Every structure is written in C-alpha cells, then in structure tokens.
Amino acid sequence: DGAGIFLQLPHKFFSSTVFEEHNIQLPNSGDYGVGFFFLSNDEGKYATEIQVIHSVFKELNLELLVSRDVPVNSSILGKASADCEPKMQQFFVSRPADCAAGLPFERKLYLARRMISFRLRYSSGSHLSDFHASSFSSRTIVYKGMLTTQQLSDYFPDLSNPEMESALALTHSRFSTNTFPSWPRAQPFRYLCHNGEINTVRGNENWLYARQMQLASE
C-alpha cells in the first residue's frame with residue numbers, strides 16, 4: 001500500500017517554518033491543530049475541496065491561520081505513484097476560546113475531519129474522490145504516501161529538517177496483497193498500524209475480553 005511515519009506534532013519545526021514561509025506566529029503547542037490533506041490536482045475539484053474545508057471550519061468555529069503547500073520531491077516517484085500523486089497541503093487552525101485544550105480540542109478536530117471526509121468522499125456514494133485526510137490533530141501528524149520506506153525522507157524534505165524533532169516516531173510500510181496500492185491506503189493510519197485486516201485486531205481484543213476471568217486472581 002505504501003509507507004508513512006506517525007509523529008508527535010513537532011511544534012518547534014512548524015513554528016519556525018510557518019513564520020519563515022508566511023510570517024505568521026503560531027499559537028503555543030496544543031492551541032492549534034494541523035490537518036494534513038491530500039487534494040485534487042484538478043482545478044475544479046480542488047476549488048470544491050477548499051470550499052468544503054473552509055465551510056466546515058466556519059461551522060465548528062475553527063479559525064484558519066494559514067495553509068501550507070507541503071514540499072515534496074516528485075522526481076523520485078515511479079510511474080504508478082507519479083500518475084496519481086495528489087496535491088498536499090497542511091491547514092493550521094487555532095483552538096477556539098470556548099474549547100479546552102487536550103481531548104476536547106482533539107474531539108473537535110476529529111469531528112472536522114469526519115465532516116469534511118463525509119462531504120467530499122462519502123455523501124455522493126463514491127469513494128473515488130481525490131480527497132483524503134492523512135491526519136488532523138493538535139498532538140500528532142502523519143506523513144505518508146505511495147512510497148517505499150526508503151523514499152519517505154527523500155520525498156518529504158520536512159522529515160530531514162534538523163528542527164523536525166519528535167518524542168514519538170512510528171514508521172510502517174505494507175505491500176498491498178488484497179487491494180491496489182494508492183496514496184490514501186498508505187501506512188500508517190491515524191491511530192495504529194497493522195499488517196492485516198482491522199477485524200483481526202478487533203477479534204483478538206474480543207477473545208482477550210472473553211477470557212479475562214480466567215486470568216483473574218486475588
């Protein structure tokens with residue numbers, strides 16, 4: 001399917017990068033969220049995606065601070081991944097004053113991601129939309145693509161920046177066996193990474209819960 005890296009949001013990197021690129025000072029860590037979105041290269045579709053993104057932000061009282069074109073090195077891509085390479089942008093939104101930092105803000109960002117994804121991908125009954133939300137959080141961010149593991153840092157120059165510091169970095173890749181590879185299907189996901197069907201994870205949890213009493217003791 002591809003490869004990706006799951007990071008704790010690197011505040012130092014984004015603060016300096018956004019200021020350098022847009023002359024905008026980001027709020028303190030935890031007071032802003034970053035949405036990493038895959039968007040269409042078709043101008044008409046892209047305009048629709050931006051309109052929906054902005055309308056959801058407005059509905060949820062999320063002020064858009066800045067949007068950033070993610071630097072990429074497309075020259076390293078193979079033909080298959082290059083033919084369907086999306087436009088990549090990061091959207092920085094501030095935490096509303098009436099929303100507490102931490103989980104309440106994370107829930108609001110999750111809701112925004114789901115609303116945007118539903119309106120652009122699922123409400124029409126088609127899953128063929130170019131839009132994909134790689135991540136949207138005030139705590140973590142995901143860089144991923146239809147890439148090999150070795151291509152990750154070469155494709156995303158952000159990842160080799162000395163200020164890209166993270167207390168957590170989880171890298172995972174998976175070769176597609178039962179689906180065709182695509183940019184949205186690339187690992188890792190926003191919550192966990194896995195090498196099999198998600199039902200296997202859920203099934204293992206259920207088997208564990210069913211046998212809890214066998215493991216109980218005083």
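Which residues of H4 are buried? In H4, the buried residues are Phe 105, Glu 106, Leu 109, Ala 112, Arg 113, Met 115, Ile 116, Ser 117, Leu 120 and Arg 121. Buried here denotes under 20% relative accessible area and exposed over 50%, with partly exposed in between, for a 1.4 Å probe and protein chains only.

## Basis of the model

The model is predicted: local features need pLDDT of at least 70, side-chain atom pairs count only at pLDDT 80 or more, and totals for chains, interfaces and linings use all residues. Residues are numbered from 1 along each chain as its sequence is written, and side-chain values use heavy atoms, with hydrogens and water left out.

Helices (H or I, at least four residues) and strands (E, at least two) are DSSP runs numbered from the N terminus. Two strands are taken to pair if DSSP finds at least two bridges between them.

## The four-stranded sheet

An open sheet is formed by 4 strands in the order E3-E4-E2-E5, with antiparallel pairing. E3 and E5 stand at the edges and have a single partner strand each, so one side of each is left without a neighbour in the sheet. From one strand to the next, the twist averages 15°; axes are lines fitted to C-alpha atoms, for helices over the stretch in contact, and angles run from 0 to 180 degrees between N-to-C directions.

The antiparallel strands E3 and E4 are joined by 6 bridges. Within this pairing, Glu 63 stands opposite Ser 94 in E4. Helix H1 (residues 11-22) packs on the sheet and touches E2, E3 and E4, its direction making about 85° with that of E3. H2 also packs on the sheet, touching E2, E3, E4 and E5, and its direction makes about 15° with that of E4. Contact means heavy atoms within 4.5 Å.

## Helix H1

H1 has 12 residues and reaches 16 Å from its first C-alpha to its last, close to the 16 Å expected at 1.5 Å a residue. The expected span is 1.5 Å times one less than the number of residues in the helix. Phe 13, Phe 14, Ser 15, Thr 17 and Val 18 of H1 are buried, and the buried residues of this helix pack against E2, E3, E4 and E6. Just after H1, Asn 23 takes a positive phi of about 55°.

## Helix H2

Helix H2 comprises residues 43-59, 17 residues in total, and reaches 24 Å from its first C-alpha to its last, close to the 24 Å expected at 1.5 Å a residue. Its buried residues are Glu 49, Ile 50, Val 52, Ile 53, Val 56 and Phe 57. They cover an arc of only 165° around the axis, which puts them on the same side of H2; the arc is that of the directions from the helix axis to the C-beta atoms. On the other side of H2, Glu 43, Gln 51 and Lys 58 are exposed.

The cover over the buried residues of H2 includes strand E2 (32-39), strand E3 (63-69), strand E4 (87-94), helix H4 (103-122) and strand E5 (132-137). At the start of H2, a side-chain oxygen of Asp 42 reaches to within 3.1 Å of the backbone nitrogen of Gly 44. Just after H2, Asn 61 takes a positive phi of about 60°.

## Helix H4 and Arg 121

The buried residues of H4 have a cover that includes E2, H2, E4 and E5. Arg 121 is placed in helix H4 and counts as buried at 10% relative accessibility. A polar atom of its side chain lies 2.7 Å from the backbone oxygen of Phe 131. A polar contact is a pair of N or O atoms within 3.5 Å; within protein, one must be able to donate a hydrogen and the other to accept it, and residues adjacent in sequence count only if both atoms are side-chain atoms. Arg 121 and Val 18 are 103 residues apart in sequence and 29 Å apart in space, C-alpha to C-alpha.

## The three-stranded sheet

A further open sheet has 3 strands in the order E6-E1-E7, paired in the antiparallel sense. Strand E6 (140-145) and strand E7 (169-174) stand at the edges with a single partner strand each, so one side of each is left without a neighbour in the sheet. The twist averages 15° from one strand to the next.

Strand E1 (residues 2-8) pairs with E7 over 6 bridges, and the bridge partner of Phe 6 in E7 is Leu 170. E1 is also joined to E6 by 6 bridges, with Gln 8 opposite Thr 140 in E6. E1 is mostly covered, 6 of its 7 residues being buried.
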